[in-house]
Amino acid sequence: QVQLVESGGGLVQAGGSLKLSCAASGRTFSSYAMGWFRQAPGKEREFVAAISWSGGNTYYADSVKGRVTISRDNAKNTVYLQMNSLKPEDTAVYYCAADLIQGDGIRLHGYDYWGQGTQVTVSS
């Protein structure tokens, strides 16, 4: 199994920035694609960003494209989500997830392991 722990959330004003981290332990971290998801009050969980096991392929939701960068450091067993130009609609609990996908690809569903989440609140 893989255990995931998110950190870095908090309260920021609109236009500000946050960098979320997800530390992994257990099964070899570099063998997984990684994704970030979020869930706002009253809404379904939605995909935010994903990165392949090598870091060579990334994909972003249209709602965050240009404002968010996903990256990973396999030597540190950590994946990051840098968020800039934050908007009130970015307010949500953010979750990281690990995917057993074969090869160096990305998918938007079917993730195998999930963290507990970290709260991001963006004020007007």
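**Salt bridges and a disulfide in the predicted model**

A network of salt bridges ties together Arg38, Glu46, Arg67 and Asp90, a salt bridge being a side-chain nitrogen of Lys or Arg within 4 Å of a carboxyl oxygen of Asp or Glu. The structure is a predicted model, in which local features need pLDDT of at least 70 and side-chain atom pairs count only at pLDDT 80 or more, while totals for chains, interfaces and linings use all residues. Residues are numbered from 1 along each chain as its sequence is written, and side-chain values use heavy atoms, with hydrogens and water left out.

By this rule there are five salt bridges. In one of them, Asp90 pairs with Arg67, with 2.8 Å between the closest N and O atoms. Asp90 counts as buried at 2% relative accessibility (buried is under 20% relative accessible area, exposed over 50%, partly exposed in between; 1.4 Å probe, protein chains only). Arg67 is buried too, at 12%.

Asp99 and Arg107 form another salt bridge, at 2.7 Å between the closest N and O atoms; Asp99 is buried at 0%, whereas Arg107 is partly exposed at 33%.

As for disulfides (cysteine sulfur pairs within 2.5 Å), the whole structure has one. It joins Cys22 to Cys96, S to S 1.9 Å. Cys22 lies in strand β3 (residues 18–26) and Cys96 in strand β9 (residues 92–99), 74 residues apart. Both cysteines, Cys22 and Cys96, are buried. The torsion about their S-S bond is about 50°, so the disulfide is right-handed.

How values were computed
Helices (H or I, at least four residues) and strands (E, at least two) are DSSP runs, numbered from the N terminus.
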